[in-house]
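Here is a short briefing for a first look. Please take in the sequence and the structure before reading on.

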Amino acid sequence: MLNQTARIISTYSADTFGVCSALFELGGMVVIHDPSGCNSTYTTHDEPRWYDHDSMIYVSALNEQNAILGNDERLLAETIETVRQQQPAFVCLIASQIPFMIGTDMQALARIIAQKTGVPAFTLPTNNMHYYAQGAWYAFRHLAEHITRASKGQEAFWAKDYANWQPTQAPKDGQLRLNLLGVTPQDFSINGSDTSLRQWAEEHDFYVQSCWAMGSSLAEIEHSTTADVNLVLSYGGLGAAAVMAQACGIPYVVGVPIGAMREVLAQNVQQATDKHGSSPVCQETTPSAPDGSPFPKGTASGYTTYLRHDAPSPCLHNYASACQGASASLLIGESVYAQSLARALESATGQHYRVIVPMETDDALLLPDTLRVTDEVDLEPLFQHAGTIIGDPMYAPIMPKSARFVSLPHEGFSGRLYEHQIPDLIAPHCFVQFVTQL
Amino acid sequence: MLQKINGRPSRACMRLADAAYPSPFAHTLEYSSPARGTWNIVHTGMLVPESHQIYICASGCLRGVVLTAAEMGAMDRFSSLEVREKDLVDVDNERFLIDGISDIVDRLPRRPRAILVFPACVHHFLGVNFRYVYDQLRAKYPDIDWIPCMMDPIRQTRSLTPEQRERREIYRQLRPLPHEEKACNILGSNLPTDPESDLLRLLTDNGWTVRDLTTCQTYDDFLAMAKGQFNIWYNTFTAPAAKECQERLQQDSLHIPQLWGYDEIADGLNRVADRISVPHPDWRPRIAACELALDALHELIGGTPIAIDMSFVFHPFSLARLLLTHGFHVTQLFTDVIFPEDESDFRWVQAHYGDIELWSTKNADMRLMDRQSHAGKVLALGQKAAYFNDTPYFVNFIEGGGLFAYEGIIRLAHLMSEAFLIPKDTRTLVLQKGWGGPCCLC
């Protein structure tokens with residue numbers, strides 16, 4: 001069997017769509033430089049907010065002649081005209097595979113757009129050939145770089161209402177301020193998970209400074225350097241956390257507050273501030289080192305994350321032995337969410353769940369026995385030896401009849417197909433209900 | 001009322017009087033509305049019974065087609081081969097395609113009769129030798145009909161669109177067969193034509209067998225279309241397929257556009273009558289029935305504003321003219337292009353009703369359109385018109401919904417009455433892909 005073939009399973013959402021999803025609510029304009037189709041695919045399958053919320057996400061409709069002749073004038077003219085017409089807070093110009101392949105100078109185009117319109121413009125290294133998590137990582141990291149620079153006066157804030165922005169509710173004296181990083185519908189759907197996150201924070205007397213990026217305005221996010229701790233809720237938020245840790249001294253904790261993880265993360269958040277103090281100050285930023293790879297490398301910060309070996313664990317477990325044998329339980333999904341859920345399930349049931357991460361992540365985030373496997377050809381043999389498999393229903397066709405399949409739809413994989421069945425596992429009662437299925 | 005965005009006039013709207021034929025709007029960055037009822041190449045390919053589809057492209061492109069198949073409940077007829085970065089530089093792409101496709105075929109639980117293969121834009125730039133690929137596949141799997149399609153929207157402004165090519169390649173699988181004495185086909189449609197339509201009644205009442213891919217149950221049913229003496233087509237993507245069938249299978253091509261004017265309908269039906277050698281029927285009773293239906297409709301809806309979009313029918317100006325000449329209050333048309341068959345009606349409506357608003361459906365400014373700007377009830381014909389007017393009062397179909405000729409007018413009048421009286425859940429309905437096809441969304 002050949003890698004990269006999928007006889008029957010789906011494919012994860014693409015990096016371009018991860019960018020769009022991350023920036024959707026922030027009042028910017030995202031232009032996908034692509035022939036066609038990207039925009040409708042994203043807006044149909046990967047963006048449940050599209051019908052009800054305006055967001056300036058467009059496709060350039062690149063044609064063959066302009067691609068071959070390297071004619072970028074039409075893209076420039078149309079983008080500049082639309083920026084002047086619609087006055088976004090920023091412009092994000094991203095490439096699909098054809099501009100990537102022909103070497104379109106996206107950075108130069110972004111600079112021209114910024115110069116001609118006065119609107120901040122940037123590009124991100126997408127190419128439609130990576131998955132959504134990578135795109136969200138690029139977008140949030142760029143946003144963090146901007147905010148840290150702006151907070152030091154090195155560039156202007158993008159939000160037109162930045163100066164006048166006031167939170168609807170100010171933090172209480174001494175209340176720990178928290179940014180939630182990496183929250184998009186592709187991992188958290190629109191099932192109330194973002195609200196449950198805020199409720200979790202409130203229950204632990206944390207003040208949510210911002211949520212990147214559901215339910216927070218650009219101005220709110222641009223004020224997020226005053227936070228005490230960043231909570232990274234998906235790999236997509238990790239790059240931003242690393243930037244803010246380095247530039248502003250804001251420690252970060254990684255994990256999703258599901259089940260027993262609710263208390264673990266609350267403790268870790270508190271410990272992170274105890275260790276690093278509660279008054280982070282933005283410092284001179286060290287430019288991120290471009291290493292030529294689209295993948296992040298060496299983002300381990302030394303700050304506490306639940307995923308590190310020495311982190312507090314809701315239950316003691318011998319990972320090495322638990323994943324052996326024919327009755328192993330598997331859980332497939334995004335690295336931070338799936339591993340958090342696995343920990344929570346272990347605590348609730350005593351059963352170990354080995355996690356399979358099929359899309360990009362950072363190795364530093366992974367538990368010792370977590371696997372990174374993407375292709376159908378590699379997944380099928382793994383599934384053969386599983387007793388229970390928790391995953392998206394679109395994996396079901398390659399699961400053996402001997403395995404017990406527990407459906408956990410994931411918008412980043414099956415899109416809107418099962419979106420009404422995606423549980424908000426951050427809500428305690430939903431988690432309890434989910435556990436009863438096991 | 002023409003709208004403004006940030007104090008500037010919207011580029012997505014103009015008075016019809018100011019519109020140029022055939023492309024009224026300047027190109028801009030493109031917006032994609034949430035109305036999803038139109039068919040794509042996956043939907044059309046699924047019409048081929050006992051077939052399988054294989055797409056070879058990057059994850060961003062795969063995503064849309066994979067999930068189209070999934071939402072149809074047809075993942076068992078769909079496979080993919082994902083192109084990754086390394087495949088752009090250090091891979092023998094012919095070998096990659098042959099091996100990848102072979103791997104999929106060998107793992108299928110049953111052998112399909114035909115496989116539609118869709119490489120993508122990127123393969124043109126890689127210079128892939130498709131002829132070699134298909135020669136190899138045909139030699140390896142001679143029992144399968146290989147249907148070489150493309151998902152290459154980058155070429156659609158100067159070459160065949162993916163939809164045109166797909167149709168041409170599907171019907172290329174028809175092997176020459178002796179023509180049956182009284183058999184013909186409807187070619188290229190996504191939706192079955194209403195069996196009660198004047199078109200099908202004219203044929204079937206005179207003893208003709210009409211085959212249509214949309215109603216084929218087996219691959220052999222499809223292959224039997226080669227027995228037809230002629231092909232009738234009205235789907236606008238069908239011209240290359242009809243031409244190819246004419247040249248290779250000696251099947252006459254009868255382009256009978258889906259027009260809505262009484263005279264144009266009669267002209268089209270009479271051409272069919274000529275082809276099957278029967279006298280022209282007296283269409284006056286049918287026209288009278290249309291008049292009664294339209295009168296009743298007008299009595300009900302009166303001067304209610306009507307908006308029509310280009311996904312509703314192939315030729316919206318023809319439909320607009322019919323309604324305007326019967327006293328209806330058409331106020332908006334949503335279309336980015338005007339087909340040649342619609343030119344005369346476009347010019348007539350433009351000359352007589354120049355104040356009608358003409359809207360683009362994909363201009364970037366449509367994203368910021370004020371969808372609640374209208375006062376009162378709007379009756380929309382088509383999903384996009386419904387979405388852009390945020391109205392629950394709409395007729396929900398695409399591409400004419402199988403309606404045709406005089407019977408089509410009568411049924412449309414009924415559907416408009418129903419739509420006027422009974423509001424629909426617009427959000428739920430327009431979000432579903434591929435109107436008229438299977439859909440697992442609930």
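This is a predicted model: local features need pLDDT of at least 70, side-chain atom pairs count only at pLDDT 80 or more; totals for chains, interfaces and linings use all residues.

Residues are numbered from 1 along each chain as its sequence is written, while chains are lettered from A and ligands numbered from 1 in the order in which they are written.

**A helix in chain A**
- Helices (H or I, at least four residues) and strands (E, at least two) are DSSP runs, numbered from the N terminus.
- H11(A) spans residues 238-248, and ten of its eleven residues are buried (20 or more other C-beta atoms within 10 Å of a residue's own, with C-beta atoms placed from the backbone).
- Among the buried residues are Leu238(A), Val243(A), Met244(A) and Cys248(A).
- The buried residues of H11(A) pack against helix H7 and strands E6, E7, E8 and E9 of chain A (contact: C-beta atoms, placed from the backbone, within 7 Å).

**A sheet in chain B**
- Four strands form an open sheet in the order E9-E8-E10-E11, with parallel pairing (at least two DSSP bridges between two strands).
- E9(B) and E11(B) stand at the edges with a single partner strand each, so one side of each has no neighbour in the sheet.
- E8(B) and E9(B) pair over four bridges, and Ile186(B) stands opposite Asp212(B).

**Helices on the sheet**
- Helix H10(B), residues 262-275, lies across E10 and E11 of chain B.
- H10(B) runs at about 160° to E11(B) (axes are lines fitted to C-alpha atoms, for helices over the stretch in contact; angles run from 0 to 180 degrees between N-to-C directions).

Key
A residue is buried if 20 or more other C-beta atoms lie within 10 Å of its own, exposed if 12 or fewer, and partly exposed in between; C-beta atoms are placed from the backbone. Two residues are in contact if their C-beta atoms, placed from the backbone, lie within 7 Å.
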